[in-house]
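Have the structure open while you read.

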Amino acid sequence: MKQWHKRTRTALSAVLLSVVLFVGTLLSGGAVEAKSKVKTKAASAKTVASGSSGFSLTMLDVGQGLSCLIKSDGQYMLYDGGPRESSSYVVSYLQQHGVSKLTYLVASHYDEDHIAGLVGVLNTTPVTYALTPDYVADTKIYASFENGLAANGANDIHPIMGDVYTLGKAQLQVVGPAYYTHPGDNDNSIAIRITYGNTSFLLTGDAEEDEEYEMVASGLPLDSDVYVVGHHGSDSSSTTELLNAVTPSYALISVGKGNSYGHPTEGALTRLTAAGAKIFRTDDQGEITVVSDGKTLTFSTDPTTDLTPGSASKGSSSSGSSSSGSSSSLSSSSSSSAVTTPSTTPSGGYVLNTHTKKFHLPTCSSVSQMKEKNRAYSNESRDQLISEGYSPCKKCNP
């Protein structure tokens with residue numbers, strides 16, 4: 001019943017939004033054209049533009065999470081809200097910068113480090129449209145988020161790949177996911193490409209390799225000046241295939257200092273650097289703002305010179321991150337006798353991610369990024385694993 005109610009509400013909201021956007025497009029003289037392949041050059045000035053005109057994207061310093069505030073000609077969109085501990089900071093930031101209303105609130109997906117801060121925003125700030133992924137999470141924070149949406153009165157829309165919206169003179173196109181039934185919630189992230197004049201920006205939430213491949217295969221334009229790096233610089237995101245399509249000049253990484261995941265990873269930083277992107281990161285630089293006049297980009301700070309990957313040994317370690325103790329991938333009562341949980345990867349067989357339901361070669365770079373509690377090992381055949389519901393990793397092609 002709940003899903004039927006959301007889909008009915010979505011259909012009605014989508015019709016209303018289409019009419020509003022059509023009228024807005026007529027009044028503004030049509031949609032913004034896609035950017036040219038010539039990259040804009042960042043100005044050396046560090047002063048952030050103010051006023052109601054122009055465009056800006058601010059990556060808030062929410063620690064190990066993500067929250068980006070986008071302003072376009074006096075209208076605002078908030079993409080994610082960071083974790084619970086950053087909720088009051090996000091609300092205060094909006095209030096201090098005169099954001100009394102959000103045209104769009106986007107929940108990329110329903111992980112706590114992306115939507116907890118949105119709950120506080122929904123309780124304090126009017127929202128016209130909420131763009132949310134079309135799946136349900138069995139968590140308390142998801143329930144709080146849904147209650148906040150209902151109380152706020154925002155029009156809740158589940159966008160699909162290819163949908164186009166407008167924010168001031170900016171055009172927003174949903175470029176992922178292709179569907180919302182991926183086994184891993186990260187690959188259900190709403191990915192948006194924004195164009196403002198001849199400048200462009202790509203935000204992908206926590207999208208990993210499967211969704212990134214879908215975006216590239218879709219044929220939708222992905223080429224962007226600024227790439228908000230997927231999944232905090234995880235090695236399972238920012239694939240070479242995606243970066244070849246995006247060709248970013250600048251990469252913004254939202255990551256917590258001394259986080260227990262090792263973000264950003266050496267692999268992700270290497271691929272971003274190889275793509276020619278200048279890197280910014282919140283753990284080193286705090287809040288980061290980029291301003292566009294439709295032709296050039298101005299940043300609030302210079303690119304970082306710190307390209308050191310994160311270290312999982314820094315800070316407090318997350319639950320299940322240690323290989324010692326009782327944190328095994330599967331209980332001893334597992335029905336598959338072929339699955340084991342040795343302390344080191346066996347030389348043969350496959351490595352399983354019991355959360356994403358993917359299997360990998362032992363040498364795959366994604367293996368080192370798995371949480372220990374989700375890691376298991378199997379000597380079963382490829383066909384047998386597929387019959388059990390596992391899918392082969394597209395990076396290592398086991």
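## Helix α2 against helix α3

Helix α2 (residues 87-96) packs on α3 at an angle of about 45°, and their axes are 8 Å apart. Axes here are lines fitted to C-alpha atoms, for helices over the stretch in contact, and angles run from 0 to 180 degrees between N-to-C directions. That angle makes α2 oblique to α3 (under 35 degrees counts as roughly parallel, over 145 as roughly antiparallel, 65 to 115 as roughly perpendicular, and the rest as oblique). Helices (H or I, at least four residues) and strands (E, at least two) are DSSP runs, numbered from the N terminus.

On the α2 side, S87, V90, V91 and L94 make the contact, meeting A116, G117, G120, V121 and T124 of α3; contact means heavy atoms within 4.5 Å.

## What you're looking at

This is a predicted model, where local features need pLDDT of at least 70 and side-chain atom pairs count only at pLDDT 80 or more, while totals for chains, interfaces and linings use all residues. Residues are numbered from 1 along each chain as its sequence is written, and side-chain values use heavy atoms, with hydrogens and water left out.

The protein chain has a mean pLDDT of 82, with 77% of its residues at 70 or more (pLDDT is the predictor's confidence in each residue, from 0 to 100). Go carefully with residues 1-49, where pLDDT stays under 50. Residues 313-347 are also below 50.

## Helix α3 against helix α4

Now turn to α3 (residues 112-124) and α4 (residues 140-152): their axes come within 9 Å and cross at roughly 30°. The two helices are therefore roughly parallel to each other, and α3 passes α4 in a left-handed crossing. Among the residues in contact are I115, L118 and L122 of α3, plus I141, F145 and L149 of α4.

## The sheet and its helices

There's an open sheet of 7 strands, with mixed pairing, in the order β8-β9-β10-β11-β12-β13-β14. Its edge strands, β8 (164-167) and β14 (278-281), each pair on one side only; strands pair if DSSP finds at least two bridges between them. From one strand to the next, the twist averages 20°.

Strands β9 (residues 170-176) and β10 (residues 191-196) run antiparallel, joined by 5 bridges, and L172 sits opposite I194 in β10. Helix α5 (residues 209-218) lies across β9, β10 and β12 (226-228), at about 120° to β9. Helix α7 (residues 266-274) packs on the sheet too, touching β12, β13 (250-253) and β14.

Definitions and conventions:
Left-handed = near helix turned anticlockwise from the far one by under 90°.
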